[in-house]
Amino acid sequence: MASSLLLVGFIITFPCLVSVSLSETLLLPLIHSLSHAHPQFNSTHHLLRAASARSAARFRLRHRHQRHLPRQASLPLSPGSDYTLSLTLHSQAVSLYMDTGSDLVWVPCSPFTCILCDGKPKPAPVALNSSSSTSDVTCKSSACRAVHSPLSSSSDICAMARCPLEDIEISDCAAYQCPQFYYAYGDGSLVGRLKKGIVTIPTSSPPLVLRNFTFGCAHTALGEPLGVAGFGRGPLSLPAQLAESSPQLGAQFSYCLVSHSFDADQVRRPSPLILGRYDVTEKSSEGKGGSDFAYTPMLDSPNSPHFYSVGLEGISVGRRFIPAPENLRRIDGRGDGGVVVDSGTTFTMLPSGLFGAVAAEFDRQLGRVNSRRARAVEDNTGLSPCYYVDGAGARVPDVEFRFAGGSGVAMPRGNYFYEFVDVDGGNKGRRVGCLMMMDGGDATEMGGGPGATLGNYQQQGFEVVYDLEGRRVGFARRQCASMWDSLRQG
């Protein structure tokens with residue numbers, strides 16, 4: 001299994017000739033949540049409003065709880081923005097959000113109560129009562145300590161589990177179950193218990209079976225009836241646990257999100273998520289081989305150790321380079337700052353100063369060709385600035401993110417400027433374009449935490465690789481709709 005490759009439903013494509021060397025391929029369809037969105041979100045304005053509101057809530061909660069919670073998880077909580085993968089838990093198929101911003105795998109367990117979940121999909125909860133292959137996690141385990149707080153001692157946690165003092169003193173609390181844990185999310189939360197069981201990735205032959213897999217079993221949740229496959233840097237994440245049985249599979253993962261622009265046909269296409277290292281030889285038109293990934297180092301934060309944080313030097317709008325503030329370039333001595341690369345947040349969130357400079361330069365360059373602001377659309381979608389672009393003179397400037405280490409990532413136009421026909425406002429039938437990044441607020445008022453978030457909308461059309469051994473994140477431009485087919489055939 002050391003050379004296995006696991007493909008889990010995201011889409012990847014290549015602008016040049018690519019040869020992929022695989023000894024074993026496991027495929028799972030990772031599906032965009034828009035493919036089964038609730039009818040109330042079928043309007044473009046509603047989709048954008050839901051995605052922008054959830055992106056803002058997810059980003060701001062990280063700061064609001066930064067000083068008060070021992071850990072912070074993050075989760076998609078609205079239809080129309082994120083990606084799910086399917087696994088099998090004790091012969092029961094489960095659909096989970098794939099989330100690089102959290103590091104726990106959890107599922108809804110029967111009996112399950114979801115508060116404020118009207119209008120959201122309600123999959124059948126997992127029934128574990130009769131399963132002989134499921135066991136409790138003890139209060140003395142490192143997993144129990146990780147889910148509560150790495151800073152807590154096992155003695156403290158076993159006291160919460162009501163292990164008698166005389167047993168705590170002689171470290172004889174193996175019969176006592178890990179206490180319930182609490183997770184807070186963008187606009188919801190859950191209470192659960194840790195379990196160990198069998199997780200199967202069913203698309204291989206034979207299926208890949210992960211025994212003694214630690215997962216959260218939630219009987220009550222607020223705002224979220226679906227579970228999460230956490231891919232963060234913590235010990236309970238799916239990659240971390242996969243690495244225990246197969247270091248090659250757990251050493252690296254990547255995904256490539258198909259460029260969808262909220263198009264119904266595009267969001268139904270699977271995107272490959274690739275677990276494990278694989279050999280890719282790319283050739284340019286000149287016949288030269290090599291990798292086209294732009295890599296940037298991962299940054300470590302004691303406050304948010306499970307995040308994939310990187311440094312941002314600045315953003316270019318057209319020919320003008322706008323430098324990023326110091327708190328985005330590095331993580332300071334208090335553990336604050338950096339940019340989180342997040343599969344579970346839709347739109348990129350920037351601090352007010354940087355966002356304002358980018359929006360102002362965007363407005364200067366686009367506004368000088370007489371593109372009129374679409375103020376009503378801004379009010380209806382939560383995005384700004386927006387313009388009427390149905391004239392022939394609109395020229396949208398190029399945008400490039402420059403990460404630490406000199407890595408420049410030029411964004412495709414569709415990743416930062418979304419054009420659609422206004423059917424809800426007072427100018428029905430007119431074509432509108434909006435900047436698809438958001439103001440995350442004043443950094444001095446956020447109370448610490450990450451400085452910004454790179455959302456999944458800006459990651460479309462790139463293979464984003466998380467090199468866990470090399471401690472770096474890489475970006476390579478791809479045509480993601482065709483890579484799935486290429487890898488399946490390989």
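**Inside the model**

Tyr466 is buried, at 0% relative accessible area. Keep in mind that this is a predicted model. What about Tyr255, buried or exposed? Tyr255 counts as buried because its relative accessibility is 0%, under the 20% cut-off.

Now put those two tyrosines together. The whole structure has 13 aromatic pairs. Tyr255 and Tyr466 make one of them, a tilted pair. Centre to centre, the rings are 5.6 Å apart, with 45° between the planes. Where do the partners sit in the chain? Tyr255 is in strand β13, residues 252-256, and Tyr466 is in strand β29, residues 462-467. That is a separation of 211 residues, so the pair links distant parts of the chain.

Next pair. Phe362 and Phe417 are also tilted, at 5.6 Å between centres and 35° between planes. Phe362 belongs to helix α9, and Phe417 to strand β25, residues 417-421. These two are 55 residues apart, and again the pair links distant parts of the chain. Phe362 is buried at 0%. Phe417 is buried too, with 2% relative accessible area.

Back to the tyrosines for a moment. Tyr255 and Tyr466 share one aromatic cluster with Phe231, Phe253 and Tyr308.

On to the cores. The largest nonpolar core has 67 residues. Which members touch the most others? They are Phe231, Leu312, Ile315, Leu354, Phe362, Phe401 and Phe475. Helix α9, residues 352-367, supplies the largest share of this core, with six residues. Another core lies apart from it, with 25 residues, including Val137, Cys139, Val147 and Cys158.

Take Phe475 as a close-up. Setting aside neighbours within four places in sequence, its contacts include Phe293, Val341, Phe403, Leu454 and Phe462. Asp292 and Glu463 are also among them.

Last topic, the cavities. How many reach 30 Å³ or more? There are four. Strands β5 (83-89), β6 (92-99) and β7 (105-115) each supply at least two lining residues. Which gives the most? β5 does, with three.

That's my tour. Over to you.

Definitions and conventions. Residues numbered from 1 in each chain as written. Predicted model: local features only at pLDDT ≥ 70, side-chain atom pairs only at ≥ 80, totals over all residues. Heavy atoms only, no water. 1 Å grid on protein atoms, 1.4 Å probe; cavity = no way out; pocket = protein on both sides within 12 Å on 5 of 7 lines; lining within 4 Å. Points joined across faces, edges and corners; volume = space filled by probe spheres on them. Helix = DSSP H or I, 4+ residues; strand = E, 2+ residues; numbered from the N terminus. Core = buried A, V, L, I, M, F, W, Y, C linked by side-chain atoms within 4.5 Å. Buried < 20%, exposed > 50% of the residue type's maximum accessible area, 1.4 Å probe, protein only. Contact = heavy atoms within 4.5 Å. Phe/Tyr/Trp six-rings, centres within 6.5 Å; stacked < 30°, edge-to-face > 60°.
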